[in-house]
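User: I'm new to this structure and would like to learn how to read its features. Could you take me through them step by step?

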Amino acid sequence: MTEQRHSALAIHPIAVEEGDGELLRRRQIVRRARWLVLIVLVLLALGAARTVFVRIANARALEAGTAERAKQYVQTALPRLPTTGQTLSLPGTLQGFVQSPIAARASGYLKRWTKDIGSRVEKGELLAEIETPEIDQQLSQAVAARAQAASGLELARSTAERWEALRKKDVVSQQDLDERRSAVAQATSNVAAADANVQRLKQTEGFKRVVAPFAGVITRRNVDVGDLIDAGAGGGAGRALFLLAQTDPLRVYINVPQAYAQLVKPGQPVVVTQAELRGQSFKGEVARTAGSIDTTTRMMQVEVSLPNKDGALLPGAYVQVSLPLAASRTLTVPSNALLFRAEGTRIAVVDARGRVALRAVTLGRNYGENVEVIDGLEGTDRMVLNPSDSLAEGDMVAVAPEAQKQQQPQPDATKAATPSAPAALPKKEPA
């Protein structure tokens with residue numbers, strides 16, 4: 001209020017001294033300082049509250065991240081029943097369906113040969129001729145001995161007839177007549193023996209012509225003109241002149257392991273391939289099996305018959321025989337699902353709650369990527385693929401999301417299982 005107004009109201013203005021002005025200024029400074037301190041304290045309190053809030057949020061995010069990372073994600077698969085059988089590939093050597101060495105039955109010198117290696121011959125066709133001077137002389141001697149025996153037989157018969165007439169007149173005794181009859185019988189036997197010897201030598205002489213016993217191909221010739229041919233008169237086998245093989249059909253002998261022997265049956269189709277004949281395959285069939293396991297090799301011998309009308313395959317060639325086997329009704333699992341522990345082979349199985357159980361299993365045939373499980377596993381068990389060595393009984397795991405999608409029922413659940421790539425871990429939401 002102004003001084004005039006104070007005067008009108010009869011209020012006397014307070015006189016301000018110099019000391020009082022200084023006090024007022026100090027009070028104003030103190031008041032301003034208080035406000036400044038209060039503002040600073042409020043700001044500090046807000047900063048502290050923000051720091052505490054951020055730390056609590058980070059702690060919660062760290063705890064959630066740690067719990068998320070502590071989960072052990074696994075990929076799972078179901079055992080499968082194979083719909084197609086395995087193809088067993090075994091090595092073999094082609095052989096002629098009939099393969100035989102052709103030896104001489106008559107001894108002598110080779111006069112000529114008419115067929116060389118690679119020649120195709122028919123049954124009964126001439127292969128070679130042998131000169132047999134000794135056999136020719138023996139045959140001539142046998143013919144002469146036969147003629148001598150025949151003349152003796154004629155003399156004995158005429159003598160016996162005369163003695164028969166004399167006996168009727170009682171001129172000679174019965175004993176003399178019996179002796180003449182015995183002489184006839186002896187002469188008849190001598191003629192028969194001479195005939196047999198002549199026939200033997202004629203047949204032996206017939207072996208001078210070496211002929212093919214069956215149709216085939218000459219694969220080897222071991223003699224030349226002028227070679228001495230020994231027919232093995234001492235009881236041994238003589239040297240083979242030729243080696244003859246029938247090339248249509250061919251046969252292959254393979255040895256099937258004991259684990260697959262029960263699946264091989266006569267009439268089963270096979271496919272034969274040769275490395276040198278790229279892109280070509282030849283169909284055959286199982287002709288017969290040995291029906292027993294060799295105790296030395298634990299394998300069963302199987303004979304395969306293979307048509308070879310065009311002659312593309314050669315006897316003695318090394319081939320691969322693909323033998324398709326019937327589908328087994330045994331569960332198969334991927335090889336990467338097996339755990340080899342000191343106590344035996346195990347498979348980690350996950351239940352609906354994510355708890356791991358280690359199952360002891362009995363393995364069957366090994367197909368490479370898959371292995372048969374004979375006992376210890378059910379078709380509905382979920383197996384852990386690529387299990388870690390630290391996985392133990394009772395561990396809690398989480399199935400990877402991609403693996404969960406793969407576990408959904410497929411249209412054909414009997415198809416062979418194919419291990420897929422490991423599933424990626426799920427992405428975490430930012431705190």
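User: Is Glu 22 buried, partly exposed or exposed?

Analyst: Buried means under 20% relative accessible area, exposed means over 50%, and partly exposed lies in between (1.4 Å probe, protein chains only). Glu 22 has 33% relative accessibility, so Glu 22 counts as partly exposed. Arg 26, at 54%, counts as exposed. Please keep in mind that this is a predicted model, where local features need pLDDT of at least 70 and side-chain atom pairs count only at pLDDT 80 or more, while totals for chains, interfaces and linings use all residues. Residues are numbered from 1 along each chain as its sequence is written, and side-chain values use heavy atoms, with hydrogens and water left out.

User: What does Arg 26 form with Glu 22?

Analyst: The general idea first: side chains of opposite charge can pair when their charged atoms come close. A salt bridge here is a side-chain nitrogen of Lys or Arg within 4 Å of a carboxyl oxygen of Asp or Glu. Arg 26 and Glu 22 form one, with their closest N and O atoms 3.9 Å apart. Both residues sit in helix H2 (residues 18–70), and because they are four residues apart, about one helical turn separates them. A network of salt bridges links Glu 22, Arg 25 and Arg 26. Helices (H or I, at least four residues) and strands (E, at least two) are DSSP runs, numbered from the N terminus.

User: How many salt bridges does the structure hold?

Analyst: There are 16. One of them joins the side chains of Arg 146 and Asp 195, at 2.3 Å from N to O. Arg 146 belongs to helix H3 and Asp 195 to helix H4, so this pair ties together parts that are 49 residues apart in sequence. Arg 146 is partly exposed at 31% relative accessibility, and Asp 195 is partly exposed at 28%. Arg 359 and Asp 381 form a salt bridge too, with the closest N and O atoms 2.8 Å apart. That pair links distant parts of the chain, 22 residues apart: Arg 359 is in strand S19 (residues 356–360), and Asp 381 is in the loop between strand S21 (370–375) and strand S22 (382–385). Arg 359 is partly exposed, with a relative accessible area of 30%, whereas Asp 381 counts as buried at 10%.

User: At roughly what angle do the axes of H3 and H4 cross?

Analyst: Axes are lines fitted to C-alpha atoms, for helices over the stretch in contact, and angles run from 0 to 180 degrees between N-to-C directions. The axes of H3 (residues 133–168) and H4 (residues 174–206) cross at roughly 160° and come within 8 Å. That makes H3 roughly antiparallel to H4; angles under 35 degrees count as roughly parallel, over 145 as roughly antiparallel, 65 to 115 as roughly perpendicular and the rest as oblique.

User: How do I read the sheets?

Analyst: Strands of a sheet pair through backbone hydrogen bonds, either parallel or antiparallel. Two strands pair if DSSP finds at least two bridges between them. S3 runs antiparallel to S10 (residues 240–245), joined by five bridges, and the bridge partner of Ser 100 in S10 is Leu 244.

User: In what order do the strands of the open sheet with S7 and S9 come?

Analyst: The order is S7-S6-S4-S9, and these four strands pair antiparallel. S7 (209–211) and S9 (228–229) stand at the edges with a single partner strand each, so one side of each is left without a neighbour in the sheet. Four bridges connect the antiparallel strands S4 (residues 108–113) and S6 (residues 126–131); Arg 112 stands opposite Glu 129 in S6.

User: Which residues make up the covered face of strand S2?

Analyst: In S2 (residues 87–96) the covered face holds Leu 88, Leu 90, Gly 92, Leu 94 and Gly 96. The uncovered face has Thr 87, Ser 89, Pro 91, Thr 93 and Gln 95. Seven bridges join S2 to the antiparallel strand S15 (residues 318–324), where Val 321 stands opposite Leu 90.
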